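Please prepare a briefing on the packing and the strand pairing in the structure shown below.

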Amino acid sequence: MQYGLIGEHLPHSFSGIIHGLIGEYEGLRRDEYTYELKELAYEDVGAFLKAADFKGINVTIPYKETVLPYLDKVDDAAARIGAVNTIVNRAGRLYGYNTDYFGLRDLILHIGIELAGMKVLILGTGGTSKTARCVCTSLGAASIYVVSRNPVSCDDTDDNITYISYDEAYKLHSDAKIIINTTPVGMYPKAGASPIDISSFKELSGVIDVIYNPLRTGLILDAKDRGIRCAGGLRMLVTQAVYAYRLFTGQSTPGSSGSDNAPVSAKDYEHDDRISALTDRIYQKLYKEKRNIVLTGMPGCGKSTIGRYLSDKLNMDMVDTDELIVKREGRQIPDIFSSKGEEYFRDIESEIIKEVSAKNGILISTGGGAVLREENVRALKSNGIVVFIDRPFEYIIPTDDRPLSSDRDMLRLRYEERYNTYCASCDEHLINDGTVTEAVKKLLSLMEQTKTM
């Protein structure tokens, strides 16, 4: 192995993609910079590190603390945190670093969350939690509370850090300004769950979730609904990877000698503009590849037609949730309504939406009533930009294959019932009052402008 990632379960990791882009953008041949994902059982970690058959590796859950006894040297920042996510092999000696620190710090500063003088709740007690505590301290947080189901002991020397239970968080610290989630609650494949109910925290000004898959966790969706500044963990993941690449390859910092054998500190790269530039480039590329584009709107508004044109333009796979329902049931939608009723249809629709929303980089055309259930909207938004295709009523033609809008009067009733829901549930609103070509052009422009979720 040249470079790679070790962890317990890695099938949905983005790290291989990110490091592939790093190699591409840095102009490296594939044989110069190869990055592999290697799943290890706990009992195999020690043997893998002792063999040291690699140039550099990243470490993820649950081994960021497990690897410490096997390292020859740990840089000051990683030692202070007590967790390592990057290991470099220099002539058989293993050096440990924590680039997660810089990833999280960059994310917080990038979206403009102010920590100085603030009360912060950090959810979770693992290696990333320790990183978050160090970042919050460095950014001047007034008080830091580590929230855990079982807050039995505190291994921090910082008097500013206190361990509390979730009940204590709700009862005693509802005035918290910032919440940072470092737990896996809400991570794929159990997306949608939230580790804490933020409605109890009326003074929140910032929410960070280190989870990057899905792009928007339940916690982040809750924060967005309340207008709170927030972000998921994708940018953090990219930033820490770029820092790790610099350490792997021993690249010099501006003004340094750049000796390959020098035990460089990750902090040496903190003000390197090349890292910011590479991070931004990869983040934008990865985000656009991983986000879904979701089309909502009335039956007959043009979702399917626009979707097919857009699919060709962007080279994205397209799924139509109504078509998937027909395929699963083996009968047409009017037959499902007549034999099983609308509630049965909506239940199947919700199952389909949950399944397709978990995917990345696809175009989803939804049925006209998909947004009527909040669970569907949240699922679609977890990885997708929701676009309301707003076709003026006079342009929509009723058809027999739509059981709730098969004639003009029924269509008008549905239009009036649903219009506000379409508007409230979308991220982008597209007026489709022209040709398909014009609508696709508008949509492409919207997607180019929408850089983050």
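Ile 282 touches Ile 18, Leu 21, Ile 22, Tyr 25, Val 238 and Val 242, leaving aside residues up to four places away in sequence, where contact means heavy atoms within 4.5 Å. The model is predicted, so that local features need pLDDT of at least 70 and side-chain atom pairs count only at pLDDT 80 or more, while totals for chains, interfaces and linings use all residues. Residues are numbered from 1 along each chain as its sequence is written, and side-chain values use heavy atoms, with hydrogens and water left out.

**Nonpolar cores**

- The largest nonpolar core has 106 residues, of which Ile 18, Ile 108, Ile 208, Ile 282, Val 387 and Leu 443 touch the most other members; such a core is a set of buried Ala, Val, Leu, Ile, Met, Phe, Trp, Tyr and Cys residues joined through side-chain atoms within 4.5 Å, with buried meaning under 20% relative accessible area (1.4 Å probe, protein chains only).
- Helix α8 (residues 234-249) gives the most to this core, namely 11 residues; helices (H or I, at least four residues) and strands (E, at least two) are DSSP runs numbered from the N terminus.
- Another core, of 19 residues, lies apart from it and includes Ile 164, Tyr 166, Ala 169 and Ile 179.

**The six-stranded sheet**

- The strands of an open sheet with mixed pairing follow the order β2-β1-β3-β5-β6-β4, two strands being paired if DSSP finds at least two bridges between them.
- Because β2 (35-39) and β4 (73-74) stand at the edges with a single partner strand each, one side of each is left without a neighbour in the sheet.
- β4 runs parallel to strand β6 (residues 93-97) and is joined to β6 by two bridges, with Gly 96 in β6 as the bridge partner of Val 74.

**Packing of α10 and α16**

- Helix α10 (residues 303-314) packs against helix α16 (residues 436-449) at an angle of about 55°, their axes lying 10 Å apart; axes are lines fitted to C-alpha atoms, for helices over the stretch in contact, and angles run from 0 to 180 degrees between N-to-C directions.
- The residues that meet include Tyr 309 and Leu 310 in α10, and Val 440 and Leu 443 in α16.

**Strand β10**

- From strand β10 (residues 178-181), Ile 178 and Ile 180 point one way and Ile 179 and Asn 181 the other, and all are buried.
- β10 pairs in the parallel sense with strand β7 (residues 119-123) over four bridges, and Ile 180 is the bridge partner of Ile 122.
- Four bridges also join β10 to strand β11 (residues 206-209), again running parallel, with Gly 206 in β11 as the bridge partner of Ile 178.

Notes:
Buried < 20%, exposed > 50% of the residue type's maximum accessible area, 1.4 Å probe, protein only.
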